[in-house]
Amino acid sequence: MIDFAASSEVTLLQQTARALAHDRLAPAERRREAERSVDPALRALFEEVGLARLELPEALGGAALGALARALVLEELGAGDPGAALALDPLGPAAYVLEELGGHEALCTYGAPLLAKPGARAVLIHDRRPQLRDRGGSVRGRFPWVPSDRVDLLVVLEMERGYVVREGIELEPLRGAGLRAAGASELRLENAPIAESWVSTPATRRAHARARLYVASLLVGVLRRACEYSRDYALEREAFGRPIAHHQALAFLIADMATAVDGCRLLVHDAAWRLDQGDAALEPCAAAFVECSEQALFVTPNALQLLGGHGFMQDHPVEKFMRDARSLSLLLGGVDAAREESGRDLGELRGPVALGLGETSWT
Amino acid sequence: MDLTPDEPTRERVGRARSLGREWVRPLGLEADRMGRPTPPDHPFFAQLVELGLGGTRWTGGPEAGERGPGNARATLCVAEELSYWDRGVAVSFPGPGLGEPPILSLGSDEQRERFLAPFRKRDRPRWGAFAMTEPGAGSDVAGIRTSARREGDDWILDGDKSFAANASRADWIVVWATVDASRGREGHRAFVVERGAPGLGDFKVERKMGLKAYESTSFSLRQCRVPGANLLGGREPAALRAGFEGAMKSFNATRPTIAAMAVGMGRAALDESLAFARTEGLLGDVRVRDRLERIRRRLRVARLLCWRAAWLADHRQPNVLEASMSKALAPGVTFEAAALGMELLGAVGGRGDHLIEKLFRDAKAMDIVEGTGQIQRLLMARKLVGLPRDPS
């Protein structure tokens with residue numbers, strides 16, 4: 001029966017992530033943004049509490065905990081510092097491509113070495129147009145932005161295939177619009193050899209879905225923090241003789257922001273739950289990405305607005321929430337690509353629309 | 001975590017679907033066409049009673065039987081499905097309706113037996129009704145003016161009530177009145193006014209923009225004499241009512257149910273829009289697909305908000321915020337779905353004879369009944385930022 005509670009094991013992990021995000025990620029977010037890196041002690045802690053491998057198979061030292069656990073943890077990390085969350089996760093969503101297209105073997109061949117190398121980063125891009133040209137086994141071209149200052153493994157997702165590149169990757173540092181704790185670079189590939197390539201449209205779409213859910217989960221965290229931070233401010237700041245939160249115009253806005261955050265979270269949990277049921281959840285994952293991206297444009301600018309002029313200044317982190325959220329939505333092909341996937345089946349549907357898993361079969 | 005209803009609930013939804021397809025949708029369209037509610041002697045209602053519907057949660061048992069096991073989640077799933085076929089018809093279903101919760105919470109065993117037990121007989125369709133709203137008092141219930149005055153063992157009620165569902169066909173109406181208008185909610189008392197009570201009359205079935213299948217009825221109480229035995233929560237009205245209101249407020253299952261009805265209506269609008277777009281070859285247009293995509297996504301958000309609020313209610317966990325979130329969000333999504341459907345229909349929508357056009361009219365009510373969207377935001381703001389009741 002309908003039940004929103006996660007298992008106690010997963011809840012415990014979520015609490016660990018929350019504590020880490022609250023105590024370690026959020027407080028140093030500005031310093032990390034300036035330094036474009038996370039400190040090694042934090043990285044060691046992240047590894048120690050088991051957050052780096054929670055979804056990976058046990059053979060790779062992982063906990064094989066599933067998509068919901070991952071979503072819950074990522075929300076917490078996103079609420080702490082989404083840039084740091086990316087920087088701390090050596091494989092990140094790239095692991096999904098390795099797993100879905102290359103299977104366990106690819107995960108061991110390409111993923112495992114990074115887990116042993118402190119600070120290593122696998123970077124996943126969706127090369128939709130494509131901008132990287134395959135010239136018989138090696139690629140050349142530029143990709144305008146990845147949120148990283150190092151790329152130990154480049155995983156490229158096209159519409160029908162995925163491939164990995166380990167050498168010949170040049171990085172041109174950029175200022176970066178957001179997520180600066182993870183770094184920011186332009187990718188330049190000059191005849192970089194493709195280490196391995198897999199062609200499979202279904203597997204590509206499955207990997208893409210899971211990767212989108214990863215980003216959506218981080219967005220939920222950013223939105224939640226933006227909502228809570230601005231609400232707390234609105235309770236302290238007084239104007240016209242009362243806390244600004246007690247002016248109905250702002251009180252209603254805060255209520256709508258909180259509703260938006262909860263809606264995003266529920267959509268993410270629904271998609272993650274479906275994945276854990278063995279469903280590919282292509283549309284629900286894409287829908288979660290789109291919803292979080294749309295609501296980010298409602299929640300984060302309004303969070304800034306609640307702080308007025310202070311929101312625009314960098315003494316408060318709300319301007320960062322707005323930049324980070326927008327940057328997250330640009331990943332993996334961005335919002336329009338996700339919208340395309342989310343609405344794809346509507347063109348082929350013959351019967352009623354199902355909102356829930358397996359719903360059309362209820363009789 | 002489990003985000004699908006269990007097998008018994010799915011079966012109930014399946015039965016609602018069959019009933020919906022065969023009866024509910026056609027009756028809703030007929031009522032809309034004819035501009036009047038489905039008459040109470042319509043054979044459909046008798047058939048519902050035969051199917052075992054239209055009963056009461058009151059089991060008659062002395063202790064735990066005080067109320068049947070609550071299953072807000074299942075109720076909500078069925079409500080969503082029935083509203084998919086026609087929300088107006090769903091509200092016209094026989095049963096004690098909104099009058100049941102106050103009788104269960106405030107009434108004595110004797111009163112529960114008197115007013116609710118007949119619903120277990122299943123001899124004929126019976127309705128109960130609930131009347132709080134007045135011409136001059138809607139969201140601000142403290143402002144009701146209907147007065148209650150003691151006369152011997154009886155009470156004399158005077159006033160006007162508005163928009164009470166199923167009131168003219170009801171066996172009884174739970175009427176809220178005040179013993180002292182200057183005391184606001186403190187002065188409120190609930191009375192079960194039975195059909196035929198002297199002074200109960202002037203029933204006027206209102207003409208509405210949509211949802212025509214059920215009656216929204218205004219009536220008056222003129223020196224209406226009600227026996228003392230019909231006052232709910234007789235001896236300790238204040239304490240009992242506080243308990244009732246506390247329960248209604250803390251574990252609210254009504255608001256998410258209304259929100260779920262909106263989700264059902266939104267699904268209907270989406271399905272009809274898709275069917276039309278498919279027939280007209282519009283689905284190749286990315287602009288069209290994108291907007292339909294948004295509707296499905298937002299309906300899923302709305303449903304999950306409803307489910308979560310009901311899940312909390314079933315576990316006796318406070319859910320004021322969550323219930324209001326669902327009720328604040330769902331009607332807007334439904335309206336958007338119906339409005340988009342009209343746009344896709346184009347000039348066909350202007351004819352006034354398409355189901356989507358009906359849904360466009362029906363949908364608006366969902367942001368008004370059971371607490372307007374603004375009231376939901378007030379309730380949320382009280383929880384989120386401690387918004388004072390009187391911000392002066």
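# A tour of the predicted model

Start with two helices in chain A. Select α4 (residues 67-80) and α8 (residues 248-276) of chain A: their axes come within 7 Å and cross at roughly 150 degrees. Angles over 145 degrees count as roughly antiparallel, and α4(A) and α8(A) are therefore roughly antiparallel to each other. Note before going on that this is a predicted model.

Now show the residues that make this contact. On α4(A), pick A:A67, A:L68, A:A71 and A:E75. On α8(A), pick A:R265, A:V268, A:H269, A:A272, A:W273, A:L275 and A:D276. Colour them by class, and the contact of α4(A) with α8(A) shows seven nonpolar, one polar and three charged residues.

**Across to chain B**

The axes of α8(A) and α9(B) come within 9 Å and cross at roughly 95 degrees. Which residues meet here, in α8(A) and in α9(B)? From α8(A) come A:D262, A:G263, A:L266, A:L267 and A:D270. From α9(B) come B:R300, B:V301, B:L304, B:L305 and B:R308. By class, this contact of α8(A) with α9(B) holds five nonpolar, one polar and four charged residues.

Widen the view to both chains. The contact between them takes 43 residues from chain B and 43 residues from chain A. On chain B, select α1 (7-34), α8 (254-279), α9 (286-314), α10 and α13 (373-385); each supplies at least two residues of the side that touches chain A. The largest share of that side, 15 residues, comes from α9(B). Overall, the side of chain B that touches chain A divides into 24 nonpolar, four polar and 15 charged residues.

**Along α10 of chain B**

Select helix α10 (residues 320-345) of chain B. At 1.5 Å a residue, its 26 residues should span 38 Å, and its end C-alpha atoms are 38 Å apart, which agrees. The helix is mostly covered, with 21 of its 26 residues buried. Step past its end to B:G346, which follows α10(B) and has a positive phi, near 65 degrees.

**Domains of chain A**

Return to chain A and colour it by domain. The assignment gives domain 1 (8-91), domain 2 (96-200) and domain 3 (203-348). Look at domains 2 and 3 of chain A, whose C-alpha centres lie 26 Å apart. Their contact takes 18 residues from domain 2 and 15 residues from domain 3. On the domain 2 side, α6 (94-115), β1 (122-126) and β5 (161-165) of chain A each supply at least two residues. α6(A) gives the most to this side, with four residues. By class, the domain 2 side has 10 nonpolar, four polar and four charged residues.

**One residue up close**

Zoom to A:A84, in helix α5 (residues 82-88) of chain A. Is A:A84 buried or exposed? It has 29 other C-beta atoms within 10 Å, so A:A84 is buried. Beyond its neighbours within four places in sequence, A:A84 is in contact with A:L25, A:R32, A:V38 and A:A181. Now pick A:L179. A:A84 and A:L179 are 95 residues apart in sequence, and 7.6 Å apart in space, C-alpha to C-alpha.

**Last stop: α12 of chain A**

Select helix α12 (residues 334-343) of chain A. Its buried residues are A:A338, A:R339, A:E341, A:S342 and A:G343. What do the buried residues of α12(A) pack against? Show α7 (201-236) and α9 (282-306) of chain A, together with α9 of chain B: the buried residues of α12(A) pack against these helices.

Key: Residues are numbered from 1 along each chain as its sequence is written. Chains are lettered from A and ligands numbered from 1 in the order in which they are written. This is a predicted model: local features need pLDDT of at least 70, side-chain atom pairs count only at pLDDT 80 or more; totals for chains, interfaces and linings use all residues. Axes are lines fitted to C-alpha atoms, for helices over the stretch in contact, and angles run from 0 to 180 degrees between N-to-C directions. Angles under 35 degrees count as roughly parallel, over 145 as roughly antiparallel, 65 to 115 as roughly perpendicular and the rest as oblique. Two residues are in contact if their C-beta atoms, placed from the backbone, lie within 7 Å. Ala, Val, Leu, Ile, Met, Phe, Trp, Tyr, Cys and Pro count as nonpolar, Asp, Glu, Lys and Arg as charged, and the others, Gly among them, as polar. The expected span of a helix is 1.5 Å times one less than its number of residues. A residue is buried if 20 or more other C-beta atoms lie within 10 Å of its own, exposed if 12 or fewer, and partly exposed in between; C-beta atoms are placed from the backbone. Domain bounds come from an automatic or database domain assignment.
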